Amino acid sequence: MPSSRRTFLKTSALALPGLTAFGRTHAAVGKAERIQLPAFNGSDDEAYWDAIRRLYALADTRVYMNTGGLGPVSYQVLERFREVTTDLQTRSETGHQLIEEAREPVATFLGAKPSEIAFIRNATEGNATIASGIGLKKGDEIIIDASAHPGGAIPWLNQLKARGIAIKTFEPYAESSEVILDRIASLITPKTKVVQVSHITAPTGILLPVQQIAELAHAHNCWFHIDGAQSAGIMPIHLGNLGCDSYATSGHKWLGAMHGTGVLYIREERLDEIVPTEVGAYSDAAYSLPSTFEYISTARRHESGTRNAPLVDSVRNACAFLDLIGMQRVRDRGLELSDALRIGLETLPDIEIISPRNADLRASMLTFRSSMLSFKDLNDRLASEHDFRLRIVTEQDLNAIRVSLHIFNTKAQVDSLVDAVREVLSKG
Ligand SMILES: Cc1ncc(COP(=O)(O)O)c(C=O)c1O
């Protein structure tokens, strides 16, 4: 990203520019204006990460390690959301210009062009927009990872029901990228129209080699869609470089935007290949009854009607907040925490870690199980006796526990989780 763009994002986090668009200045915008990051002395600088932790609107009453399910917002995002909502409600205006003002910074954060992104409610909506808009017909085949979340799988199952497509799955757990690519390649036939993968799988946090999968899919003239619900905000993303045709993500997980936010990306050259599912005001370049309707030339054609502009604005602010820290730093920290957890859990008897060890295939989620205690009992007791919020993994009968580690988690929390697992297992 050009440095001028980065500077813009950083400034936007501090100065909250959208408010002046209303011709009003807010004397008090709360903690957002006071963000002062301490000096950074390496990814194991706990003082730095403690300071980051205090910027999050997350109660200390329990240890939250479920960002893969839902991520907390920073005060910066929350207070700005309150401000903007109050401002719009007290004037009874939509604030739709905030949506347009968010487009460039959010696109830039994701390595896309503003014309390539649509603001949506969640990742599921983006996946469904691609599945229903790509125009599949009976007998067409799609390939998807067997770990797909319901939000990634059900939109295609709906196409199976409605249009008679066939779905083939591949197992994403593997010791190397080559094995994953071979599995996908072995499923491709002349009928294959789409390859979709989770960028990072929800059950065990496998980071899939999407650039190579893009090449493979395109070599066979397949559309390549990424379900990125678990990847935006956990690692640097440059959609232009990933090679995908489309990508959908949630705002309310690793990005730390308000609930009910997401982004759909469609590569500019391929925009016309996806027929929008829902259209209305704002989707059009021109319309008139009884017979004229032209889509707007950009991905905004997938947005329609009155929107909650402060929600979209929160995506912009969440990106700006993460950008202040820097996404490579975010990724390094997440991996460091998950390594610490792995090392700690490996000292305990009868623990099996299901997430990949291979550096290229892992993210900051770690899934484990114990042969001594059922995953449900272990999770319940970690919650009730030690105040941990984790997530059970029933998908693919894994019967395990997933730990999501983000920048507001600390080494001390990781150590205390290992201690808590040890204690629960020793009591039996
Ligand atoms: C890979 C994946 N896809 C889709 C979803 C659904 O996300 P949303 O609720 O934002 O639609 C999730 C949620 O956990 C997920 O992990």
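1. **Basis.** This is a predicted model, in which local features need pLDDT of at least 70, side-chain atom pairs count only at pLDDT 80 or more, and totals for chains, interfaces and linings use all residues. Residues are numbered from 1 along each chain as its sequence is written.

2. **Domains.** The protein splits into domain 1 (98-321) and domain 2 (328-423). These bounds come from an automatic or database domain assignment. The C-alpha centres of the two domains lie 28 Å apart. Across the boundary, 15 residues of domain 1 are in contact with 21 residues of domain 2. Contact here has a cut-off: the C-beta atoms, placed from the backbone, lie within 7 Å. The side of domain 1 that touches domain 2 has 9 nonpolar, 5 polar and 1 charged residues. In this scheme Ala, Val, Leu, Ile, Met, Phe, Trp, Tyr, Cys and Pro count as nonpolar, Asp, Glu, Lys and Arg as charged, and the others, Gly among them, as polar.

3. **Core.** The largest nonpolar core has 114 residues, and Leu110 and Val315 touch the most other members. Helix α10 (residues 309-325) gives the largest share, 10 residues. The core draws at least three residues from each of domain 1 and domain 2. Such a core is a set of buried Ala, Val, Leu, Ile, Met, Phe, Trp, Tyr and Cys residues joined through C-beta atoms within 7 Å. Buried means 20 or more other C-beta atoms within 10 Å of the residue's own, exposed 12 or fewer, and partly exposed in between, with C-beta atoms placed from the backbone. Neighbours within four places in sequence aside, Leu110 is in contact with Ala232, Ile237, Leu239, Val263 and Tyr265.

4. **Strand β8.** Two of those contacts of Leu110, Val263 and Tyr265, sit on one side of β8, with Gly262, Leu264 and Ile266 on the other, and all are buried. Helices (H or I, at least four residues) and strands (E, at least two) are DSSP runs, numbered from the N terminus. Strand β7 (residues 246-250) pairs with β8 in the antiparallel sense over 5 bridges. Pairing requires that DSSP finds at least two bridges between the strands. Tyr247 stands opposite Tyr265 in β8.

5. **Strand β2.** β2 and β8 (residues 262-266) are also antiparallel, over 4 bridges. Ile120 stands opposite Gly262, and Ala118 opposite Leu264. From β2 (residues 117-120), Ile117 and Phe119 point one way and Ala118 and Ile120 the other; all are buried. In a regular strand the side chains alternate between the two faces of the sheet.

6. **Ligand shell.** The ligand is surrounded by 14 residues, the closest being Asn122, Thr124, Gly151, Ala202 and Ser250. A shell residue has its C-beta atom, placed from the backbone, within 6 Å of the molecule. By class the shell has 3 nonpolar, 10 polar and 1 charged residues. Helices α5 (123-133) and α6 (150-163) each supply at least two of its residues.

7. **Leu337.** This residue is found in helix α11 (residues 327-346). Why is Leu337 classed as buried? Because 26 other C-beta atoms lie within 10 Å. Residues up to four places away in sequence aside, Leu337 touches Ser364, Leu405, Asn409, Lys411 and Val414. Leu337 and Ser404 are 67 residues apart in sequence but 9.7 Å apart in space, C-alpha to C-alpha.

Note on methods: Two residues are in contact if their C-beta atoms, placed from the backbone, lie within 7 Å.
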